[in-house]
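Please consult the sequence and the structure shown here.

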Amino acid sequence: MTSSTVDALFADRIPVLNAPMGGVAGGALASAVSRAGGLGMIGMGSSGSTTSLRRQLAAVTDGVEVGIGLVDWVVQRDPEMLETALDASPLLLSVSFGETYEWIGRAHERGVPAVAQVSDAPTAERALAAGADALVARGSEGGGHGRPLHDRDTLLDALLALTDRPVFAAGAIATAEDVRRVLGRGARAAWVGTAFTACHEALSSPGSRRALLAAGPEDTVLTSAFDQASGYGWPSDIPERVIANDATRRWGAALDDGDVDVAGRELRAATEADDPSGMSVNAGLGVGELRAERSAAEVVAALDPR
Ligand SMILES: Cc1cc2nc3c(=O)[nH]c(=O)nc-3n(C[C@H](O)[C@H](O)[C@H](O)COP(=O)(O)O)c2cc1C
């Protein structure tokens, strides 16, 4: 497996991938993005499992090819996910938010390009040494989880100085102009999350869509409180960027240990009621550009840099 394989993936594609977003990017979104000329990805996040991955793979339509993105600590908990992902022969595989890197060799054995999403240069160096075929420069502007260490363009420049392998840019890419800007800096493609969250084909709930469409660029915060309240195994130095709401105003960036049980009950109730004032709605700084629910094809066309 070489980086030229990743380059070849974009020879005839619009240089836009939908980020693998747990609970948002299932088979329907991924296949719609691929069909529209981008590279669609299925994401399995904190609550991902082999069962839900199989369900989303079955939702891929018309036999289009897609990529798959997993989360490292979730794969450690449910190792069959990795095998299931590779059995599907994805266009590429990413495993984010951890540094085990055995998955890179496993992907290569099956001829699948391995893409590592990183937040700083030292992590990028380790991923490259482990054989990653491409990197994602995930800036602190981005929605969802990530170590908020550098802004996107600073990180992109730093990673491009480290390697000739392809680097994708991620974080607040919301318009064709944003895509042109990162390509102009040397990115091979844009890895876009938030802009796809309110697509018809996404798995996001009606309540989270309402919050996404109402939010402006100043309305996001970084917090680990929802992860603590959920009991998820996120490392404490990897917060998530979410839309600020009543819960984040009360809980702040992290919960005190004594508040975790009560917060857990409140979070479960809000999530069951699909009440965005109390649940985690992941979004990056580009969320202000989201104004209406659209099809994935419309979003890909709106991001097309040509
Ligand atoms: C709703 C949502 C869920 C996400 N879930 C995942 C995930 O499961 N795995 C992953 O690698 N990244 C995940 N991310 C982060 C993306 O890979 C990417 O870093 C980010 O979306 C880029 O920034 P943007 O949202 O501003 O486009 C998620 C992002 C969002 C917005």
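**Surroundings of Ser46**

Leaving aside neighbours within four places in sequence, Ser46 is in contact (heavy atoms within 4.5 Å) with Trp73, Val74, Arg77, His145, Tyr232 and Trp234. The model is predicted: local features need pLDDT of at least 70 and side-chain atom pairs pLDDT 80 or more, while totals for chains, interfaces and linings use all residues. Residues are numbered from 1 along each chain as its sequence is written, and side-chain values use heavy atoms, without hydrogens and water.

- Ser46 is located in the loop between β2 (41-43) and α3 (50-58); helices (H or I, at least four residues) and strands (E, at least two) are DSSP runs numbered from the N terminus.
- Ser46 counts as buried because its relative accessibility is 12%, where buried means under 20% relative accessible area (1.4 Å probe, protein chains only).
- The side chains of Ser46 and Trp234 make a polar contact at 2.9 Å.
- A separation of 19 Å lies between the C-alpha atoms of Ser46 and Arg209, which are 163 residues apart along the chain.

**Packing of α8 and α9**

- Helix α8 (residues 152-162) packs with helix α9 (residues 176-185) at an angle of about 30°, and their axes are 10 Å apart.
- Therefore α8 is roughly parallel to α9, a term for angles under 35 degrees.
- Arg152, Asp153, Leu156, Asp157 and Leu160 in α8 meet Arg181, Val182 and Arg185 in α9.
- The residues of this contact between α8 and α9 comprise three nonpolar, no polar and five charged.

Note on methods
Buried < 20%, exposed > 50% of the residue type's maximum accessible area, 1.4 Å probe, protein only. Polar contact = N/O pair within 3.5 Å; in protein donor to acceptor, adjacent residues only side chain to side chain. Axes fitted to C-alpha atoms, helices over the stretch in contact; angles between N-to-C directions. Parallel < 35°, antiparallel > 145°, perpendicular 65-115°, else oblique. Nonpolar A, V, L, I, M, F, W, Y, C, P; charged D, E, K, R; others polar.
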